[in-house]
Amino acid sequence: MTSVSRGSRRLPRAAALRAPATLPPTGLPGLVPEFSRLVEVPETSLAPGGSTLALTRTWHLLDNGPELLSHGRPILGTVLCVHGNPTWSYLWRDLVAQATDAAASAVGAAAGPAARGAWRVIAVDQLDMGFSERTGIARPLARRVRDLADLTDALGLEGPVVTFGHDWGGSISLGWAVDHPELLAGVMLLNTAVHQPAEFAVPAPLRLALRRSVLGTATVATPAFLATTLALAHPSLGADVKAAYAAPYRSAARRGGIGAFVADIPVALTHESRPELDRIAEALRNLTVPALMLWGPRDPIFSDRYLDDLVDRLPHADVHRFEGSGHLVMEDSPYAPMALGWLAARVSPGAGAAVDAVVTGSAASAAAIDPATIAYRPLWHFLDELQGSDETALVDMNPLTGSGPRVVTWRLLSRRVRQIAVGLVSIGVKPGDRVSLLVPPGADLTAVLYACVRIGAIVVVADAGLGLRGLTRAVRGARPDHVIGAAPGLAAARALGWPGQKIATARFPAAIARTLGVKHTLASLIALGRATGAVLPPEPAPTDVAAVLFTSGSTGPAKGVVYTHDQLSKVGYALFAQYGVGRGTGLVAGFAPFALLGPALGARSVTPDMDVTSPKTLTATAVAAAVAAIDATVVFLSPAALANVVATADALTAADHTALAGVQSFLSAGAPVSEPLLAAAAQLMPGATAHTPYGMTEGLLMADITLEGIRAAAPASGSATTMTDAAPGSVAGAGGVCVGTATATTRIRISALDAAGLAVGELSETPGVTGEIVVSAPHVKDHYDRLWSTDAASKRGSLTGERWHRTGDVGHLDAAGRLWVEGRMQHLIVTADGVVTPVGPEQRVESVAAVARAAVVGVGPAGTQHLVAVVETVVAARRVALAEPELADAVRASVAADGGPSLAAVLVVPRLPTDIRHNSKIDRSALSRWAGGVLAGGRMRQP
Amino acid sequence: MKVLVTGASGFLGRAVAAELVAAGHTVTCFQRRPSGVADATDALGSITDAARVAEAVAGHDAVVHLAAKVSLAGDPAEFEAVNVGGTRTLLAAAADAGASRFVYVSSPSVAHAGASLVGAGALPADPKRARGDYARTKALAELLALAADSPALRVVAVRPHLVWGPGDTQLVARIVERARVGRLPLLGHGAALIDTTYVDNAASAIRAALDRVDTVHGQAYVITNGEPRPVAELLAGMCRAAGVRPPAWRVPASVARGAGSLIEAAWRLRPGVDEPPMTRFLAEQLSTAHWFDQRRTRADLQWMPAVTLDEGFARLERSYRGA
């Protein structure tokens with residue numbers, strides 16, 4: 001006991017006071033008094049044999065078991081919840097309540113036992129904490145793990161049990177878990193840790209609290225530690241919730257446990273709790289039960305590095321990071337429904353047996369090309385096959401070296417990739433390591449990318465269009481082990497503290513390299529590669545992860561999208577099948593994601609002369625020069641680049657026109673492009689077919705339409721033609737933008753909407769039914785990175801053995817199999833008369849001569865919303881106002897024609913807010929909130 | 001069915017009585033002045049006169065109660081006597097006479113306290129929160145009426161919001177009159193969404209409530225067109241229909257609320273002959289959103305408004321042209 005008393009000696013005498021357990025006061029927000037109970041627990045000895053001591057301890061706990069029994073619900077199992085320091089069982093109130101509610105709402109449901117059954121939730125107050133007994137003696141980790149076992153013994157708890165811990169309750173719950181394999185069915189964790197890696201410093205706030213001079217004062221004598229912890233919520237906790245968390249800790253005599261907990265953190269190797277923590281941490285590696293980690297990354301204590309450590313020990317765990325949430329993740333995020341959803345999906349009886357979607361008619365019909373017949377071809381296939389070729393592989397029209405176009409042969413590219421790959425291996429880059437690429441498009445990026453994938457490293461690619469803040473979040477979340485960048489990228493990485501070993505693409509002066517934390521350069525990697533005789537490691541498997549690509553972040557924080565080698569290889573196949581890009585094709589690479597795949601397809605690609613960070617700087621002359629340089633037949637551009645190319649066409653010479661006449665197809669990808677712009681570009685390339693694809697980061701190239709296709713889809717007069725497609729009783733709005741037919745290996749289905757706007761319909765390709773667009777292709781994403789719930793939602797209703805992705809887009813198929821996009825799921829307007837999709841009504845509003853651009857949004861509560869049109873006029877308005885009567889009447893009449901929906905109001909704005917990246921996507925959710933405020937009588941400010 | 005309609009000389013009361021006559025009911029109209037409703041019998045008297053009320057109710061199967069003191073100002077005791085006392089008297093008389101159905105015509109203002117209403121449901125009447133003597137006494141009366149609901153006498157409350165149409169001497173006539181003399185300002189930017197009720201729709205909803213009282217008794221329903229529009233468009237629509245220039249000058253909403261409070265206070269000290277030109281209640285009504293969730297109303301009453309807002313404006317215009 002000496003060690004225990006040593007711990008407690010550092011604390012004020014109040015910490016040694018004893019007090020009995022009590023029930024919490026009533027009236028704490030969200031806490032149901034009926035769930036509280038006190039339990040007497042005989043204490044067993046820690047000595048071998050574990051004999052019962054002549055001691056009982058009284059615990060306070062929340063327990064919905066009696067309530068479930070009174071409803072006659074079959075109990076599926078128990079979730080054993082353990083809080084950390086300085087909280088108490090109050091933190092689990094939502095889980096207890098929702099587990100109970102879920103049981104109540106399932107009453108009468110004609111479903112199997114798993115649906116009728118419910119999870120019992122037991123949330124304990126640890127001894128010396130919350131409203132449990134104050135024992136007066138310090139309780140180190142091993143004691144606390146045993147305390148929990150004593151409690152479950154006293155309760156006679158039977159399996160299956162899923163543990164759930166937060167903060168230091170995580171270690172304790174995992175201690176119980178590894179000691180009770182016969183009962184254990186799963187483990188769930190909120191921000192916690194089981195190991196303090198020697199190479200990382202102890203987090204500063206903890207170091208401070210642990211200082212002998214501070215510990216007692218901060219944790220026991222004053223409520224400072226408690227107050228600091230409760231201040232970590234994002235957004236801040238309400239005063240009533242804060243008071244509820246503090247309720248059991250109102251005096252120094254009540255706070256002894258808080259101080260003892262902090263003193264028990266085994267930061268030093270010699271700490272008495274270190275062996276127990278190490279025992280738990282190591283035993284975790286043998287756990288095979290399902291595991292879930294719900295994580296708030298904005299945690300000054302348990303940062304992402306502790307999550308990495310846990311994932312390393314439980315590699316099969318499902319992980320969901322709530323971007324923007326912190327240490328109090330249970331207050332910052334909807335953790336409770338997610339945990340219950342995970343239990344149903346992974347642990348409950350019958351979980352894992354995927355619920356087969358009912359397939360109607362031809363829904364199971366195949367894509368144009370059976371994906372199973374397409375052979376896997378590694379991304380570096382042509383780098384191997386053409387390693388002796390002196391044909392051109394890459395041309396960089398304006399390399400950083402500045403002296404005219406740089407031409408790279410297949411021989412050189414192949415050698416460089418091999419050298420860099422070997423160099424990377426020799427500086428410690430391992431298969432499965434993540435490498436963040438902050439390199440602008442060009443020969444360097446191509447070489448580095450293929451080197452990384454060849455050695456099995458995972459490339460992380462985030463678009464600079466995310467902005468510095470979004471990019472920082474993305475890179476941090478992707479937790480790269482290495483960062484390869486040019487100067488601006490590395491400077492940002494340094495300034496913002498991005499993790500990972502830093503590698504520069506160019507040589508810097510030594511002082512700058514030191515400042516940026518740069519250890520290696522591309523040149524030094526190549527030198528290493530030469531010196532070691534270029535022996536490459538074994539190739540990664542097709543199923544290994546190859547890349548994490550970040551979404552644009554136009555709808556919430558950017559998500560990391562994970563692709564395997566096979567899936568990326570099939571993106572290449574899709575480009576080949578759709579646009580004929582293959583061995584020997586000359587390709588102008590003005591749109592990065594597809595252009596990077598040029599070498600994988602054996603194509604000869606050229607990067608035109610442009611400021612790569614600003615696509616709208618690309619001129620027509622630069623495109624013509626790039627085409628001429630490699631006799632290109634295919635041109636990939638972004639919409640912004642395309643607009644400037646058309647705008648600068650006057651500068652083209654006769655020779656330029658001749659070069660452009662050789663182009664056979666061009667593609668504008670990344671955002672919708674108008675028919676006039678596409679037509680103007682087509683005039684510059686008279687021999688080419690103009691394409692615009694439909695896709696997303698999660699499914700590049702899902703559908704495609706040509707300029708002729710767009711014209712064929714346009715109604716001859718008015719915009720009502722597409723309405724005739726709509727099935728009776730389907731969603732109002734219809735219309736939409738035609739994005740063409742599915743690409744060769746893609747299947748597109750619709751999951752119909754219900755009256756509440758939820759996509760609950762079975763996957764179907766019945767024409768005229770509006771619903772969520774769901775896609776399947778061999779090149780659809782594998783999964784989202786550390787977003788378990790988002791990933792599960794994106795695959796909801798998938799057919800067994802198939803990979804489907806719910807796009808979040810809403811639309812319908814027509815009788816010709818063409819896909820029409822009607823908006824985003826989160827922009828649906830749910831009126832009392834049914835669901836309305838926004839794009840169709842917007843097109844009708846835009847058909848009014850005075851209107852330049854329009855958004856149609858809902859105001860009011862979902863289910864009884866009304867429609868509002870927000871318009872930019874051709875003659876721009878100077879301020880926000882209600883539309884003049886003539887305009888309002890015209891807009892209303894246009895939308896309501898042929899039984900269309902009616903509008904509550906028409907607002908005129910000088911300018912609709914759009915995303916920075918494409919200047920085309922209108923954030924209708926934000927606009928809806930704005931319109932709701934104005935139309936409720938709020939200030940008439942700019943949206 | 002024999003139906004007694006109180007307050008049938010009023011704008012809505014007359015429409016309800018006519019609707020019930022058209023539906024084939026035998027209708028008696030009870031109020032102080034002749035109702036002028038074709039094919040209905042008048043029984044004249046005051047709702048505060050218990051003996052006259054009992055006499056009038058006798059022999060009727062159902063009562064539709066609209067009689068009330070509707071005003072933005074006046075003697076609180078008079079509101080109490082007519083709106084609360086009158087309802088209590090009528091409920092007792094209906095029960096004594098063996099009537100089985102009672103529709104109490106109320107107002108959404110019984111449940112609201114000035115905040116903006118966006119897709120609101122029908123909350124319970126709350127006299128403590130209601131603004132002004134009218135809303136407070138209507139709330140008290142609605143509580144009385146619903147408390148009287150019993151298997152013998154089924155009671156339902158309906159709350160039409162801002163009833164208007166041809167022949168309306170309250171809302172439309174006042175707006176048009178003020179606009180004609182240039183004394184109608186817009187409060188704030190005029191974009192606040194307001195849901196109103198065209199008079200024929202209010203009448204058909206009340207008839208539906210009477211028909212469906214066996215299933216909807218004991219409850220309160222807000223009645224509207226379900227077509228919220230910016231208040232400026234509503235005022236302009238009424239003005240255009242009447243051939244007068246819509247309001248073009250604006251008063252900040254906060255100023256109007258302040259002025260309304262002052263004028264109310266002054267009116268209390270020295271009551272004028274007409275109603276005060278602005279009250280705080282009116283200022284709030286005209287500068288914040290007031291629209292309602294109509295799903296429950298339409299489903300339970302099995303009723304849909306037959307006249308759209310735009311059709312209503314067209315009918316209003318025809319009535320002004322004809323006048």
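**Exercises on a predicted two-chain model**

Chain A is divided into domain 1 (2-7 + 34-347), domain 2 (364-565), domain 3 (699-826) and domain 4 (829-935), with bounds that come from an automatic or database domain assignment. This is a predicted model, in which local features need pLDDT of at least 70 and side-chain atom pairs count only at pLDDT 80 or more, while totals for chains, interfaces and linings use all residues. Residues are numbered from 1 along each chain as its sequence is written, and chains are lettered from A in the order in which they are written.

**Exercise 1.** Work out the strand order of the open sheet that contains β33(A), and state which strands lie at its edges.

*Solution.* Begin with the terms: strands (E, at least two residues) and helices (H or I, at least four) are DSSP runs numbered from the N terminus, and two strands pair if DSSP finds at least two bridges between them. The four strands then follow the order β33-β34-β36-β35 in chain A, with mixed pairing. The edge strands are β33 (851-859) and β35 (881-882) of chain A, each of which pairs on one side only. Next, take the pairs in turn: β33(A) and β34(A) are antiparallel over eight bridges, with Val857(A) opposite Val868(A), whereas β35(A) and β36(A) are antiparallel over two bridges, with Leu882(A) opposite Leu907(A).

**Exercise 2.** Describe the side of chain A that touches chain B, by residues and by elements.

*Solution.* Counting residues as in contact when their C-beta atoms, placed from the backbone, lie within 7 Å, the contact takes 16 residues from chain A and 23 residues from chain B. The elements of chain A that give two or more residues to this side are α32, β36 and α33. Its residues divide into 11 nonpolar, five polar and no charged, where Ala, Val, Leu, Ile, Met, Phe, Trp, Tyr, Cys and Pro count as nonpolar, Asp, Glu, Lys and Arg as charged, and the others, Gly among them, as polar.

Definitions and conventions
Two residues are in contact if their C-beta atoms, placed from the backbone, lie within 7 Å.
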